[in-house]
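Here are some friendly notes to read with the model open beside you. Take the points in order, and look for each place in the structure as you go.

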Amino acid sequence: MEEKTPAVQMRDITKRFGTTLANDKVWLDIYRGEILALLGENGSGKTTLMNMLSGIYFPDAGKILVDGREVVIRSPRDAFELGIGMIHQHFKLVDVFTAAENIVLGLHEPGRLDRKAVAEKVRAICETYGFDVDPDQKVYDMSVSQKQTVEIVKVLYRGADILILDEPTAVLTPQETDKLFAVLRNMRADGKAIVIITHKMHEVEALSDRVAVLRHGQFVGDMLTAKTNAQEMTNMMVGHAVSLNIRRPEPKDPKPRLQVEGLTVRSMDGILKLEDVSFTANSGEILGVAGISGSGQKELLEAIAGLQPVERGSIRYLEPDGGGAELLGMDPLDIAARGVVLSFVPEDRLGMGLVGSMDLTDNMMLRSFRRGRSPFVDRKSPRTLASQVVSELSVSTPGLGIPVRRLSGGNVQKVLVGREIAAAPTVLLTAYAVRGLDIGASHTIYDLINRQKEQGVAVIYVGEDLDVLLELSDRILVLCGGKVSGIVDGRTTSKRAVGMMMTKLGGDAHE
Amino acid sequence: MFDFASFIPRAVVQGIPLLFGATGETLTEKSGNLNLGIPGIMYVGGISGVIGAFLYEQSCGGDVVPALALLIPLLSCLAGSLLMGLLYCFLTVTLRANQNVTGLAMTTFGVGFGNFFGGSLIKLTGSAVPSIALSATSSVFSRSLPFAADLGWFGQVFLSYGFLAYLAVAIALVAAFVLRRTRLGLHLRAVGENPATADAAGLNITRYKYAATCLGSMVAGLGGLYYVMDYASGVWSNNAFGDRGWLAIALVIFTVWRPNLAVLASILFGGLYILYLFIPSGMADKELYKMLPYVVTIVVLILSSVRKKKENQPPASLGLPYFREER
């Protein structure tokens, strides 16, 4: 490998938040004309490290060199001036502004604000790299991938040649991801330095030239992507050998458990969220639900759980002995009173699932406080349950009396899933069960879900990572704009086919 | 026949304090600060002007120089309302106190402050009626163009006001232009919509919030000054300002945060406020008519939330404190 001077050198960077050491003497080199993948589990300090490069945080110790010169980056503006631009995981865009207005936000170009000239310049950037952005479109009218494009154009407009992307593909469909990667390769060819933060191995392998791994705030090492493999990288991230495969036991004696027919849901604003959705969920089987975010997944689960008013359709619960009950029109209490044990792990963990400011015991009690005749609540059994969940799912918490909001995302999820599973459900609904969790925590959750499946529970698993859906689900229901685009076998279908079905009803006929 | 030539000027003079208040509040709200202290600030603006004018009139024995009679109340009004704005910013931006509570407390404080100094001045003059008359100052403030009276209904409707009225319209139009068309306005709106984004774009959130809120307070304070010096002919009596401050906040919502619309809407509000004077008596109680501005505001609020047009919604982070490291 020929000698190149790094565009950015980070040396002994240390950052502390309170008592947690987020970055501990990290070294990192970023080169021009190269795509660097920054890997690490949640909480390993990837985003913190990059935030220090983009001026959001200021390092407690260590130095940063840009093009061999030591620099001090105190604010995002300092970063722009050094040509460093970051595309954050949560888009930093103003909804009621147009793309162009967002792009020039914060710039102090001389002269008055000339919207036409800005639009011209934006179009020119788009043509160079193959973006598709309408400068006059309002952000609230844009899809997620369009918003991301605006973010990228924004940093390019500022003349950035060192780009940092924080989990850019988390919200994209496979097709959009391919498009993004093509653009990133164009930029690499143009001599820009690119860093992407991710924890998806296949993306690292497909896109990056070099990989750097962080673990618990420390720099573990870097290597050329071509000379390593997913297993080695994962082991470096986690610190010990892990199995990357998700188990998929054969369904045992599947019987129809939940029969949904012609389900149509309209939102409060009168927008059709689900249209004529029909499917059957079997016991002892995981039914994956795929779709671009906002295709009706949330409404589907909430309708089954009795939280969403339904326009028409039917949701029949079929008991193992052949009896059945119509769940439609019942609220969660009615459903429970019928003896149907339905567990719901909602997308919004601290909004719908748990109460953030209450402790573990009280959160367990949310499911049981109605039991008993005494006017006083029974605090003993929820406490037992809480300590059981903590020990069985190895939740890392200082104690049962701590508000759940102070736990990390993975632990919050374990508490929620633990509580829902403890109810011994016959139907388990999960929405984005592993969102924001790292590989270790995700695998714990997959395992829990698989164990439920083996106990004969009908699991409906709404997910966003197609690779996981394809490995975990027995069948996959693909939603597209609130309609069923198709139901495919998880064992035989391909990622590409599911991706096509997500964007187009029924997928591509020629495939 | 309804007498428009006399109705409109009266509606305008009722509307001008509201226009000042609404323009000031709109500027403030665009930075994400919901300043419910506006009624108190307008009150303080009024009394500060009164104090300045009173001291000046006392010191020169009623023989005033017009330029000073204008400048002294104007500057003391601006200083008083600026201090109120700074206090509000310090509490809500620097200390991140709850904006609603702070605003309401400031309104209570401002009214008390005004009544305290108003009462003291009334005692000092030893007058028989509970009010202070500053007729010399007022005559400077309410001076209109000399030929206005010769122009018939045109002069009466358009040219019969003191200079503060025209200043109110000018400030509102300039504010609208700055918010809509300039880089500065774009940045200010970004701060109110999404401070985290504005911060990442390199804007100094604290500076924008302070500047917009203090400027807004000063503009609103002028509404109090106009009310005393021009509308009330220089007569201050405690609590006479009434609910005009709240009406100004209602006007902000009514005009969906657009100062240019506020120019006409303030006249509409002023008209509704005094409509009872032009309706044959016995038709209804005047308090019912005074309710009309609030009723139309509620109607606008309902319409704009039903239509859900994003541009007509309040700034997205209105009322929320911003703290960079909170995630």
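What share of the 511 residues in chain A is buried? Keep that question in mind for the first point. Please remember throughout that this is a predicted model.

1. **Chain A as a whole.** Buried residues account for 45% of the 511 residues in chain A. The chain holds 17 helices and 20 strands, and its C-alpha trace spans about 75 × 50 × 45 Å along the principal axes. The radius of gyration is 25 Å, which agrees with the value near 24 Å that a compact globule of 511 residues would have. Now look at who touches whom: of the contacts in chain A with a separation of 6 or more, 66% are between residues 24 or more positions apart.

2. **Three domains.** The domain assignment divides chain A into domain 1 (8-238), domain 2 (250-341 + 425-511) and domain 3 (357-423). Notice that domain 2 is written as two stretches, 250-341 and 425-511. If you mark the C-alpha centres of domain 1 and domain 2 of chain A, you will find them 34 Å apart.

3. **Where domain 1 meets domain 2.** In chain A, 12 residues of domain 1 are in contact with 14 residues of domain 2. On the domain 1 side, the elements giving two or more residues are α6 (174-189) and α8 (230-238) of chain A. The largest share of that side, 3 residues, comes from α8(A). Sorted by class, the domain 1 side has 5 nonpolar, 6 polar and 1 charged residues.

4. Strand β9 (residues 210-215) of chain A pairs with β10(A) in the antiparallel sense, over 6 bridges. For one place to look, A:Val211 has A:Met223 in β10(A) as its bridge partner.

5. **A buried threonine.** A:Thr47 sits in helix α1 (residues 46-53) of chain A. Is A:Thr47 buried or exposed? A:Thr47 counts as buried because it has 22 C-beta neighbours inside 10 Å, and the cut-off for buried is 20 or more. Setting aside neighbours within four places in sequence, A:Thr47 is in contact with A:Asp166 and A:Ile197. The C-alpha atoms of A:Thr47 and A:Thr198 are separated by 9.9 Å, although these residues are 151 residues apart along the chain.

6. **Two positive phi angles.** Check A:Glu167 first: its phi is near 40°, a positive value in a residue other than glycine. A:Glu167 lies in the loop between β7 and α6 of chain A and is partly exposed, with 19 other C-beta atoms within 10 Å. A:Ala424, also not a glycine, has a positive phi of about 50°. Its place is in the loop between α14 (409-422) and β17 (427-431) of chain A. With 10 C-beta neighbours inside 10 Å, A:Ala424 counts as exposed.

7. **A methionine in a loop.** A:Met330 lies between β15 (324-326) and α10 (332-337) of chain A, in the loop that joins them. A:Met330 is partly exposed, with 18 other C-beta atoms within 10 Å. Beyond its neighbours within four places in sequence, A:Met330 is in contact with A:Gly306 and A:Ile335. A:Met330 and A:Asn235 are 95 residues apart in sequence, and their C-alpha atoms are 48 Å apart in space.

8. **Chain B against chain A.** How many residues does each chain bring to the contact? Chain B brings 19 residues and chain A brings 17. On the chain B side, α8 (183-193) and α9 (195-200) each supply at least two residues. The largest share of that side, 5 residues, belongs to α8(B). By class, the chain B side divides into 8 nonpolar, 5 polar and 6 charged residues.

Methods:
Residues are numbered from 1 along each chain as its sequence is written. Chains are lettered from A and ligands numbered from 1 in the order in which they are written. This is a predicted model: local features need pLDDT of at least 70, side-chain atom pairs count only at pLDDT 80 or more; totals for chains, interfaces and linings use all residues. Two strands pair if DSSP finds at least two bridges between them. Helices (H or I, at least four residues) and strands (E, at least two) are DSSP runs, numbered from the N terminus. Domain bounds come from an automatic or database domain assignment. Two residues are in contact if their C-beta atoms, placed from the backbone, lie within 7 Å. Ala, Val, Leu, Ile, Met, Phe, Trp, Tyr, Cys and Pro count as nonpolar, Asp, Glu, Lys and Arg as charged, and the others, Gly among them, as polar. A residue is buried if 20 or more other C-beta atoms lie within 10 Å of its own, exposed if 12 or fewer, and partly exposed in between; C-beta atoms are placed from the backbone. The radius of gyration is taken over C-alpha atoms; the globule rule is 2.2 Å times the number of residues to the power 0.38.
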